[in-house]
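Visitor: I am new to this structure and would like a guided tour. Could you show it to me and take my questions one by one?

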Amino acid sequence: MKITGTFLDEISHDIPHQNWGREEWDRDFAAMKSIGIDTVILIRCGHRRFITYPSKFLMEHEGCYRPPVDLVDLFLELAEKYGMTFYFGLYDSGKYWHNRECEREMEISRAVADEVWSLYGNRKAFGGWYLNFEVSRASAGIIELYAGMGRHVKQLSGNLPTMISPYIDGIKAVGDVGVKDDSIGVTQHEQEWNAILKGIQGAVDIVAFQDGHCDYHELADYLRINKKLTDRYGMTSWTNCETFDRDMPIRFLPIKWEKMLLKLEAARAAGIEKAITFEFSHFMSPNSCYRAAGHLFDRYREHFSL
């Protein structure tokens with residue numbers, strides 16, 4: 001199963017910033033295109049005070065810094081140049097929805113979506129929306145947040161598709177402190193995500209579960225459940241194949257090729273429709289600040305004879 005989509009993370013709040021300009025980004029989009037990537041997803045248009053486009057709303061209401069370059073415009077331009085579809089990721093306040101103030105987060109996200117659509121909605125590459133509230137469980141308010149924002153942007157944009165990328169509450173779903181010695185298991189995962197997907201039916205079109213939070217031998221079982229549930233509610237199932245390694249003590253480094261291949265094979269066996277990654281530019285690109293990412297790119301191309 002080949003990777004045909006990637007997130008774009010230019011806020012880089014937990015991975016190094018590569019300080020790329022137009023030339024470097026153009027070169028990287030060309031590398032994406034060379035292995036068949038046709039979809040790019042801006043993971044977030046902003047996080048806390050840092051933003052990717054000069055949002056009048058966010059600078060006024062959230063005190064965000066004016067960015068030196070309009071990256072949304074640049075990414076749309078490059079997506080158009082290389083024949084890719086661009087999904088716009090919403091703003092993450094880093095505080096409201098994390099503190100269960102979901103209605104406040106939704107107010108901000110609605111305003112951002114309205115502003116973005118007025119600025120970029122006529123662009124050829126603009127093909128969808130990413131609802132960037134990443135959860136693993138049925139946390140308080142998440143159904144209302146997904147459903148409310150999904151319906152808003154679909155109505156705003158003439159029903160362009162919406163996407164989420166949740167994660168599995170598995171053995172590797174740990175924070176900066178502590179060690180997780182268990183997970184909720186596939187049965188509880190199925191029960192909770194059945195309730196979530198039922199509650200957001202019609203508002204979310206694509207569910208791309210992150211694949212790095214459980215052990216490799218467990219992944220196929222989770223992916224089969226994810227596929228069954230998305231089929232049940234008329235959604236499309238993608239896999240978010242993480243190309244960074246959660247097994248390492250350093251956050252985060254490019255993944256070992258063998259591990260990546262195991263995950264892609266599990267997704268193929270489960271009948272997943274499309275594989276995307278978080279994310280090409282840092283962890284799989286020949287242009288990355290990590291030399292190992294270029295080697296991963298080479299191993300991937302060799303395997304698929306690209």
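Visitor: Which residue has a side chain joined to that of Arg123 by a polar contact?
Guide: Gladly! This is a predicted model, where local features need pLDDT of at least 70 and side-chain atom pairs count only at pLDDT 80 or more, while totals for chains, interfaces and linings use all residues. Residues are numbered from 1 along each chain as its sequence is written, and side-chain values use heavy atoms, with hydrogens and water left out. A polar contact is a pair of N or O atoms within 3.5 Å; within protein, one must be able to donate a hydrogen and the other to accept it, and residues adjacent in sequence count only if both atoms are side-chain atoms. At 3.1 Å, the side chain of Arg123 has such a contact with that of Glu80.

Visitor: Is Arg123 buried or exposed?
Guide: Arg123 sits in the loop between α4 (102-120) and β7 (126-130); helices (H or I, at least four residues) and strands (E, at least two) are DSSP runs, numbered from the N terminus. Contact means heavy atoms within 4.5 Å, and beyond its neighbours within four places in sequence Arg123 is in contact with Asp73, Leu76, Glu77 and Glu80. Buried means under 20% relative accessible area, exposed over 50%, and partly exposed in between (1.4 Å probe, protein chains only). With a relative accessible area of 19%, Arg123 is therefore buried.

Visitor: How many strands make up the closed barrel?
Guide: Two strands pair if DSSP finds at least two bridges between them. The barrel runs β1-β2-β5-β7-β8-β9-β10-β11 with parallel pairing, and its strand count is eight.

Visitor: By what angle are neighbouring strands of that sheet turned against each other on average?
Guide: Axes are lines fitted to C-alpha atoms, for helices over the stretch in contact, and angles run from 0 to 180 degrees between N-to-C directions. For this sheet the direction is ignored, and the average turn is 30°.

Visitor: Which residue in β11 is the bridge partner of Thr6?
Guide: Strand β1 (residues 3-8) is mostly covered, with five of its six residues buried. Four bridges join β1 to the parallel strand β2 (residues 39-42), where Leu8 stands opposite Leu42. Three bridges join β1 to strand β11 (residues 274-278), also running parallel. There, the partner of Thr6 is Thr277.

Visitor: And which residue in β10 is the bridge partner of Ile206?
Guide: Strands β9 (residues 206-210) and β10 (residues 236-242) pair in the parallel sense over five bridges. For Ile206, the partner is Thr236.

Visitor: Which strands are at the edges of the open sheet?
Guide: That sheet has three strands in the order β4-β3-β6, with mixed pairing. Each edge strand pairs on one side only, and these are β4 (50-51) and β6 (91-92).

Visitor: How are α7 and α8 oriented to each other, roughly parallel or roughly antiparallel?
Guide: Helix α7 (residues 216-232) and helix α8 (residues 257-270) have axes 9 Å apart and pack at an angle of about 30°. Angles under 35 degrees count as roughly parallel, over 145 as roughly antiparallel, 65 to 115 as roughly perpendicular and the rest as oblique. The two helices, α7 and α8, are therefore roughly parallel.

Visitor: Is the crossing of α4 and α5 left-handed or right-handed?
Guide: The axes of α4 and helix α5 (residues 142-156) come within 10 Å and cross at roughly 20°. That makes α4 roughly parallel to α5. A crossing is left-handed if the near helix is turned anticlockwise from the far one by less than a right angle, and right-handed if clockwise. The crossing of α4 and α5 is right-handed.

Visitor: Why does His213 count as buried?
Guide: His213 is in the loop between β9 and α7. Not counting residues up to four places away in sequence, His213 touches several residues, including Tyr167, Glu242 and Arg246. His213 counts as buried because its relative accessibility is 5%.

Visitor: What is the phi of Ser12?
Guide: Most residues other than glycine have a negative phi, and most peptide bonds are trans. Ser12 lies in the loop between β1 and α1 (22-34) and counts as buried at 9% relative accessibility. Although Ser12 is not a glycine, its phi is positive, about 50°.

Visitor: What is omega for the peptide bond from Arg251 to Phe252?
Guide: Phe252 lies in the loop between β10 and α8. The peptide bond from Arg251 to Phe252 is cis, with omega near -5°.
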